[in-house]
Amino acid sequence: MTSLPYHEVHGPADAASTVLLSSGLGGSAGFWKPQLGALVAAGHRVIAYDQRGTGRSPAALPAEYAIADMARDVIGILDATHTAQCHFAGHALGGLVGLQLALDAPSRIASLVLVNAWSKPNPHSARCFDARLALLGACGPRAYVEAQPIFLYPAAWCAAHAQRVADEVDHAFAHFPGEANMRARIGALRAFDVDARLGEIAAPALIAAARDDVLVPWTCSQRLADGLRDVTLDFMPHGGHAHSVTEPEAFNRSLLDFLSRVGTTAVSA
């Protein structure tokens, strides 16, 4: 793989800590818009990026594409932005990237924020991805992105924010990364399994989950909490798979409180 994914840096250059934001299957830095202002206002330097093969980082992905490849991209971004160490926040697939980084390059990770993430495959999520891939293959990208909010958000939230959801669907369709890239990315997350290695990770972790997530059972986050060594739990009763979007005030409070407790990190390498 050549060149780095698109990335951007926000906040003060001389901040005491850097937070790197990694999104889920969609791959877009824009997923973290509800958190960006709060993090910068709290004095953090923030790095956000579009994952390889998505958004502003177009690239053909190999069929054997893996979470480890995504982790190497993050190391490249940290190097390019002269960031010795970061607090890594990842949603779903992004959380898997963080876990892989904590195993492969532990000195680069000051802490982990794992949002509706997991350490090994589970049958319910597998069924959801089977259905999504079948829809993509049989009906194409438009049907695939039309179904996406069902997995991301609670039904009541979708109904109350119908125009916003419609706009997001249109944007996702306009920027769809292509069927081959989507299949490669889903294949990577489905193959990920570090469950037996969780005890090797020393970085403090905030485990954030919504109990009404219809894509990833909250019990996957409980498994992370049981396996990791230094854990803060934040289980919300509702909010769905993307509860950092649907319940941003509550999520941001928990995030900023965790970051204030785990301390500062070096900014420049």
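The bridge partner of A89 in β5 is V113. This pair belongs to a predicted model in which seven strands form an open sheet of mixed pairing. Helices α3 and α11 lie across strands of the sheet, and α11 also packs with helix α1.

**Sheet**
- The strand order is β1-β3-β2-β4-β5-β6-β7.
- The edges are taken by β1 (7-10) and β7 (231-236); each has a single partner strand, so one side of each is left without a neighbour in the sheet.
- From one strand to the next, the twist averages 15°.
- Strands β4 (residues 86-91) and β5 (residues 109-115) run parallel and are joined by six bridges.

**Helices across the sheet**
- Helix α3 (residues 93-104) lies across β2 (18-22), β3 (45-49), β4 and β5, and runs at about 145° to β4.
- Helix α11 (residues 248-262) lies across β2, β4, β5, β6 (205-210) and β7, and runs at about 160° to β5.

**Packing of α1 with α11**
- Helix α1 (residues 33-41) packs with α11 at an angle of about 40°, and the two axes are 10 Å apart.
- Because of this angle, α1 is oblique to α11.
- The crossing of α1 and α11 is right-handed.
- On the α1 side, the contact is made by P34, Q35, A38 and L39; on the α11 side, P248, F251, N252, L255, L256 and L259 take part.
- Of the residues in the contact of α1 with α11, eight are nonpolar, two are polar and none is charged.

Notes
Residues are numbered from 1 along each chain as its sequence is written. This is a predicted model: local features need pLDDT of at least 70, side-chain atom pairs count only at pLDDT 80 or more; totals for chains, interfaces and linings use all residues. Side-chain values use heavy atoms; hydrogens and water are left out. Two strands pair if DSSP finds at least two bridges between them. Helices (H or I, at least four residues) and strands (E, at least two) are DSSP runs, numbered from the N terminus. Axes are lines fitted to C-alpha atoms, for helices over the stretch in contact, and angles run from 0 to 180 degrees between N-to-C directions. Contact means heavy atoms within 4.5 Å. Angles under 35 degrees count as roughly parallel, over 145 as roughly antiparallel, 65 to 115 as roughly perpendicular and the rest as oblique. A crossing is left-handed if the near helix is turned anticlockwise from the far one by less than a right angle, and right-handed if clockwise. Ala, Val, Leu, Ile, Met, Phe, Trp, Tyr, Cys and Pro count as nonpolar, Asp, Glu, Lys and Arg as charged, and the others, Gly among them, as polar.
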